[in-house]
Amino acid sequence: MRSNQVINLNCGVKLPIFGFGTFAYQIDTNAIESAVHMAIKMGYRHFDTATIYGSEGAVGKALNDEFLNYRTLGREDIFLTSKVWGSDHHDPVSALKRTLRNMGMEYLDMYLVHWPFKLKPWACYPVPKESDFEETLDLESTWKGMEKCLELGLCRCIGVSNFSTKKLDSLLQFATIPPAVNQVEMHPMWRQKKLREYCEEHKVHVSAYSPLGGPGNAWGSTAVIESPIIKSIALKHNATPAQVALQWGLLKGSSVIAKSFNEDRLRENFGALDLKLDDEDCLEIEKLEEKKILRGEYFVNDTTSPYKTIQDLWDGEI
């Protein structure tokens with residue numbers, strides 16, 4: 001079984017660099033459970049979910065089945081991430097306790113603020129209506145709740161997701177405990193150079209979701225894996241375009257969260273750990289035109305959202 005390497009976070013916890021994502025527009029709990037079992041056998045040890053994904057229960061059930069049936073695998077061998085949704089910013093502690101009940105777990109390894117906006121308490125669905133947004137986000141209050149989760153032992157690390165450098169900088173001004181991770185969309189066509197440099201300077205680890213550009217998702221694109229440059233590099237190394245894109249992310253010092261419930265693609269993705277890209281490959285990838293997928297368009301509107309444009313949401317960093 002291939003080894004899943006780890007990196008040390010600023011809180012001292014070790015994070016497996018290759019993660020398994022569980023977001024899907026159509027929730028199929030059987031498919032998720034089956035995929036988790038397959039992933040465990042292949043060597044995946046980092047599992048990423050979120051309240052809004054609807055996959056927490058299936059992930060928890062599959063992992064607990066593994067712990068029960070295979071005594072060589074324990075809870076301490078798995079790194080488990082979930083995220084607080086915008087409707088729970090007023091009380092992250094209660095939200096995390098609910099997540100733990102859903103998953104049948106005593107603690108998470110990582111708990112993230114999913115997006116930098118606050119929703120009305122009833123807005124528990126992925127695509128908010130205009131009337132669901134609170135006009136302002138009291139991030140300081142939300143972060144105190146996240147720090148309380150850590151203090152209570154409900155999680156081992158806390159972090160954020162989809163935060164620009166400006167929003168991170170604001171958070172670091174008042175955080176008693178800095179975020180360990182910023183999970184953002186990152187791939188060869190959205191390279192996040194400014195954000196990566198800022199996070200490196202401030203010892204915040206960047207974790208890349210949609211490291212293949214999100215093919216198969218309603219908001220995603222096949223531009224990364226269909227890129228002639230990526231395909232040419234894959235051919236050179238007898239690899240696949242997906243493996244090239246994933247290894248590029250790893251070379252940039254990020255962990256990657258790849259999602260597939262298909263056994264062959266799960267194995268293909270994990271094979272990126274064996275690929276070695278050279279300097280010439282990396283220079284070729286830097287030539288790619290950045291085609292950002294503008295993740296977050298659902299959270300922008302002219303009336304109630306605090307973000308009137310996609311540029312507002314990302315603070316001009318797209």
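Predicted model: local features only at pLDDT ≥ 70, side-chain atom pairs only at ≥ 80, totals over all residues.
**Helix H10**

I looked up which residues of H10, spanning 279-286, are buried, and found Asp281, Cys282 and Ile285. I then checked how they are placed around the axis: the arc they cover is only 95°, so they sit on the same side of H10.

Next I turned to the face pointing away from that buried side. Asp279, Glu280 and Leu283 are the exposed residues there.

I also asked what covers the buried residues of H10. The cover includes two helices, H7 (228-236) and H8 (241-251).

Asp278 provides the cap, with a side-chain oxygen 3.1 Å from the backbone nitrogen of Glu280. Glu280 is also one of the exposed residues noted above.

**Cavities**

I searched the whole structure for cavities of 30 Å³ or more and recorded two.

I listed its lining as Leu15, His46, Phe79, Thr81, Met110, Val181, Gln183, Ser207, Ser255 and Ile257. Which strands supply at least two residues each to this lining? I found S5 (79-84), S8 (181-185) and S10 (255-258).

I sorted the lining of the second largest cavity by class as well. Five residues are nonpolar and five are polar, and I found no charged residue among them. His46, Thr81 and Gln183 are among the residues that line this cavity.

Terms used
Residues numbered from 1 in each chain as written. Heavy atoms only, no water. Buried < 20%, exposed > 50% of the residue type's maximum accessible area, 1.4 Å probe, protein only. Helix = DSSP H or I, 4+ residues; strand = E, 2+ residues; numbered from the N terminus. Arc of directions from axis to C-beta. Contact = heavy atoms within 4.5 Å. Polar contact = N/O pair within 3.5 Å; in protein donor to acceptor, adjacent residues only side chain to side chain. 1 Å grid on protein atoms, 1.4 Å probe; cavity = no way out; pocket = protein on both sides within 12 Å on 5 of 7 lines; lining within 4 Å. Points joined across faces, edges and corners; volume = space filled by probe spheres on them. Nonpolar A, V, L, I, M, F, W, Y, C, P; charged D, E, K, R; others polar.
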